[in-house]
Amino acid sequence: MSDRTMAAADTPVAGATGSPHVDAGDVGYRKDLKSRHINMIAIGGAIGTGLFLGAGGRMAGAGPSLFIAYAVCGVFAFFVVRALGELVLYRPSSGAFVSYAREFMGEKGAYTAGWLYFLNWSTTAIADITAAATYAHFWAMFSDVPQWVLALIALAVVLTANLISVKYFGEMEFWFAIIKVAALVVFMLIGIFLVVTSHDIGGHTPGFSTIGDNGGIFPSGFMPMLLLIQGVVFAYASVELCGVAAGETENPEKIMPRAINSIMWRVGLFYVGSVVLLALLLPYTAYSGDESPFVTVFDKLGIPGAAGVMNLVVLTAALSSLNSGLYSTGRILRSMSMSGSAPRFTGVMNKGGVPYGGILLTAAFGVLGVLLNYVMPGDAFELVLNFASIGIIGTWAMIMVCSLLFWHRSQDGRVTRPAYQLPWAPYTQIVTLFFLGSVVVLMWMDEGISRTTVNCLPLIAAALVGGWFLVRKRVRAVAAASKEL
């Protein structure tokens, strides 16, 4: 086995269920993730911090129209994960889209895809520990504990569990997802009951009048909803995780289609349904970015302990997202390391088959997040959320470009598409890429941190170009060595 993938152009035609393209980064992993793990990882990827914490501030800014933003972004998130699912069925790999970028775009493509994904999750890790610390402050016992201390504790707990083995990661994510789904189901059942019975909530009667009497669906106009799409994209940041996990499971061809197809109805039920209920239960002005909107509802209900239980659930969601980020970046960085485009230590694995080097590198950026929580605890979440959104947009764009190139190769017979396909190709990829570009434009149109983030794009591009010149000699050396084998 070489330390680099074989170039696809020099190999015979790939079949639907396999490919002569081999990724050295896939060697050494254990197939310890079961069907139940993958299904719950898919659920956990579709339900994260962006809903449990982010929906409060967005609801306050755009009103009930937020459900439209969640619905639109959910459709495109499904297209992205469906495109990735087709590539996974073509050739499962723990390197996921980085491995596919290497096959269809070369090492420069893999390098760009990998480091954009790292930008996504390194900043998301900061957002997650910030959210966890914010949630913890809900309880009086933690109110006097500095936010940065709570953020550090959250990072340490999840990092320890992630370094043991993939089996521990799978079990942790399984139960995290169970808790999230159960909590949302309970919330929706209670919310529907409150609306149907017009039960009083903190002096307010829920129902459609809650929307009509407070400015309608667009109380602040149409533009605020559009501008919030950038943050809503962050809410779906983990949907691609099941594609990364496919490299560590048996029979992905049976498990993956079921897990991916279920994402669409989960989006409709949990995201759109939850936001609609929130809008019916309380005026949009009752919510804020300082606490989860679900906690706000239960707090105003006055049921003893209900708000505390819900806050524990949303804390679990933040830890789940952090858990996923450490897992996925570890695998992606190892794939890059084996080809020379990431530091050598990120390719090192322990006896449990865990690429701990990459995980520790991501955790190191989490430590920077602890510092950020010390310096600016009030703005830390929004700041890193915007940079995470840039990473997500870049990652999704690379997935769709890989899917488009895969489709083109299938047209001239160089590869054969599996039975599980992205519908309406190549138009789906093109429309999705246009949507992602539009999100960047919307970010620039917004004021404050969002525009500053977009203005930083030339710096991000310069960093990627500079980094490539630093690693290209090693990449070429690894490539030359592989040809000699």
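Q: Which residues of helix 5 are buried?
A: They are Ala96, Phe97, Val98, Ser99, Tyr100, Ala101, Arg102, Glu103 and Phe104. Buried here means under 20% relative accessible area, with exposed being over 50% and partly exposed in between, using a 1.4 Å probe and protein chains only. Helices are DSSP runs of H or I with at least four residues, numbered from the N terminus. A word on the source: this is a predicted model, in which local features need pLDDT of at least 70 and side-chain atom pairs count only at pLDDT 80 or more, while totals for chains, interfaces and linings use all residues. Residues are numbered from 1 along each chain as its sequence is written, and side-chain values use heavy atoms, leaving out hydrogens and water.

Q: What makes helix 5 largely enclosed by the rest of the structure?
A: Nine of its ten residues are buried, so helix 5 is largely enclosed. Just after this helix, Gly106 has a positive phi of about 90°.

Q: Why are helix 5 and helix 6 called roughly antiparallel?
A: Helix 5 (residues 96–105) and helix 6 (residues 107–136) pack at about 155°, with axes 6 Å apart. The axes are lines fitted to C-alpha atoms over the stretch in contact, and angles run from 0 to 180 degrees between N-to-C directions. Angles under 35 degrees count as roughly parallel, over 145 as roughly antiparallel, 65 to 115 as roughly perpendicular and the rest as oblique. The pair is therefore roughly antiparallel.

Q: Which residues make the contact between these two helices?
A: Helix 5 brings Phe97, Val98, Ala101, Arg102 and Met105, while helix 6 brings Glu107, Gly109, Ala110, Ala113, Gly114 and Tyr117. Contact means heavy atoms within 4.5 Å.

Q: How do you know that Ser122 is buried or exposed?
A: Ser122, in helix 6, has a relative accessible area of 4%, so this serine is buried. Its side chain reaches the backbone oxygen of Phe118 at 2.7 Å. Leaving aside neighbours within four places in sequence, Ser122 is in contact with Thr362 and Phe365.

Q: What makes the pairing of the Gln429 and Ser403 side chains a polar contact?
A: The distance is 3.0 Å. A polar contact is a pair of N or O atoms within 3.5 Å; within protein, one must be able to donate a hydrogen and the other to accept it, and residues adjacent in sequence count only if both atoms are side-chain atoms. The pair therefore falls within the distance limit.

Q: Why does Gln429 count as buried?
A: Gln429 belongs to helix 18 (residues 427–445), and its relative accessibility is 1%, so it counts as buried. Beyond four places in sequence, Gln429 touches Met400, Ser403, Leu404, Trp407 and Leu422.
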